[in-house]
Amino acid sequence: MSMLPPAPSRKFSTSSKALDTTQVPDFSPYRSKNTGSNKAFSYFMVGSMGLLSSAGAKATVTDILSNLSASADVLALAKAEVDISAIPEGKNVTIKWRGKPVFIRHRTASEIEEADKVEMSDLRDPQKDADRFEQREWLVMLGVCTHLGCVPIGEAGDFGGWYCPCHGSHYDISGRARKGPAPTNLEVPVYSLNEDKLVIG
């Protein structure tokens with residue numbers, strides 16, 4: 001059996017010079033000679049895009065906030081004005097504010113004196129009459145029982161104030177809970193008095 005001579009070995013080069021066959025064209029004839037003007041134009045474009053983006057963002061935020069703000073009819077219900085000069089001494093007036101009744105009473109001097117005589121130890125929700133009302137002769141409070149939300153009856157009950165017919169809660173002439181299941185006093189809303197005008201809210 002004849003032996004064939006070994007094939008000659010081929011040598012492969014792995015040098016970067018042998019593998020790099022990419023030819024990069026020369027763009028130098030096409031490049032601008034004035035690099036300063038190119039930079040100025042780039043800065044101008046970046047600044048312009050920034051201003052346009054800021055204006056667009058501001059317009060978007062303004063639209064969102066205007067849609068979230070309360071409408072005119074809602075704002076009108078937020079406050080209530082009452083002419084208290086028409087309420088005689090010793091009488092009650094009930095108005096509606098934010099869908100709830102509000103009791104307004106022009107109290108007499110004897111009623112204020114009676115409220116001051118009550119001992120704090122006799123109250124389940126201790127609160128002085130002077131701390132509840134801005135001007136002592138004007139009682140302003142929500143006409144909603146603090147037990148389950150019924151509307152109490154004025155000038156009734158065991159303490160000459162208000163009586164809730166639903167579950168028998170009694171309030172005194174200052175609207176403080178004295179008897180029955182009501183846990184706290186009748187709530188006093190935020191209000192202000194300006195001569196003959198009472199503003200609630």
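**Entry: ground rules**

I note that this is a predicted model, in which local features need pLDDT of at least 70 and side-chain atom pairs count only at pLDDT 80 or more, while totals for chains, interfaces and linings use all residues. Residues are numbered from 1 along each chain as its sequence is written, and side-chain values use heavy atoms, with hydrogens and water left out.

**Entry: confidence and overall make-up**

I looked up the confidence, where pLDDT is the predictor's confidence in each residue, from 0 to 100. The mean pLDDT of the protein is 84, and 79% of its residues reach 70 or more. Among the elements, β7 has the highest mean pLDDT (97), whereas helix α1, residues 16-19, has the lowest (53). I keep in mind that where pLDDT is low, the predicted coordinates should not be read in detail.

I then looked up the elements, and the protein has 5 helices and 10 strands; these are DSSP runs numbered from the N terminus, helices being H or I with at least four residues and strands E with at least two. Of the 201 residues, 28% count as buried. The accessible surface comes to about 14,000 Å², of which 58% belongs to carbon and sulfur atoms; accessible areas come from the Shrake-Rupley method with a 1.4 Å probe, and for residues only the protein chains shown count as cover. Among contacts (heavy atoms within 4.5 Å) between residues at least 6 apart in sequence, 53% join residues at least 24 apart.

**Entry: cysteines**

I searched the whole structure for disulfides (a pair of cysteine sulfur atoms within 2.5 Å) and found 1. C150 is joined to C166, with an S to S distance of 2.2 Å. The pair links distant parts of the chain, 16 residues apart, with C150 in the loop between β4 (138-142) and β5 (153-156) and C166 in the loop between β6 (160-164) and β7 (169-172).

Why do I call the disulfide of C150 and C166 left-handed? The torsion about its S-S bond is about -105 degrees, so the disulfide of C150 and C166 is left-handed. C150 counts as buried because its relative accessibility is 18%, whereas C166, at 40%, counts as partly exposed.

C164 is in no disulfide, and C164 is buried, with a relative accessible area of 2%.

**Entry: aromatic pair**

I searched for aromatic pairs and found 1 in the whole structure. F103 and W162 are stacked, at 5.9 Å centre to centre and with 10 degrees between the planes. The criterion is that rings of Phe, Tyr and Trp (its six-membered ring) pair if their centres lie within 6.5 Å, with planes under 30 degrees apart counted as stacked, over 60 as edge-to-face and the rest as tilted. F103 lies in strand β3 (residues 100-106) and W162 in strand β6, 59 residues apart, and both are buried.

**Entry: salt bridges**

How many salt bridges does a search of the whole structure find? I found 9, a salt bridge being a side-chain nitrogen of Lys or Arg within 4 Å of a carboxyl oxygen of Asp or Glu.

R105 meets E111 in one of them, at 2.5 Å from N to O, and R105 also meets E155, at 3.8 Å from N to O. E155 lies in strand β5 and R105 in strand β3, so the pair ties together parts that are 50 residues apart in sequence. E111 and R105 are both buried, R105 with 4% relative accessibility, but E155 is exposed, with a relative accessible area of 51%.

D116 forms a salt bridge with R136, the closest N and O atoms being 2.5 Å apart. D116 lies in helix α4 (residues 109-116) and R136 in the loop between α5 (129-132) and β4, so the pair ties together parts that are 20 residues apart in sequence. D116 counts as partly exposed at 44% relative accessibility, and R136 is partly exposed with a relative accessible area of 23%. I also noted that R107, D116, D129 and R136 are linked in a network of salt bridges.

Note on methods. Buried means under 20% relative accessible area, exposed over 50%, partly exposed in between (1.4 Å probe, protein chains only).
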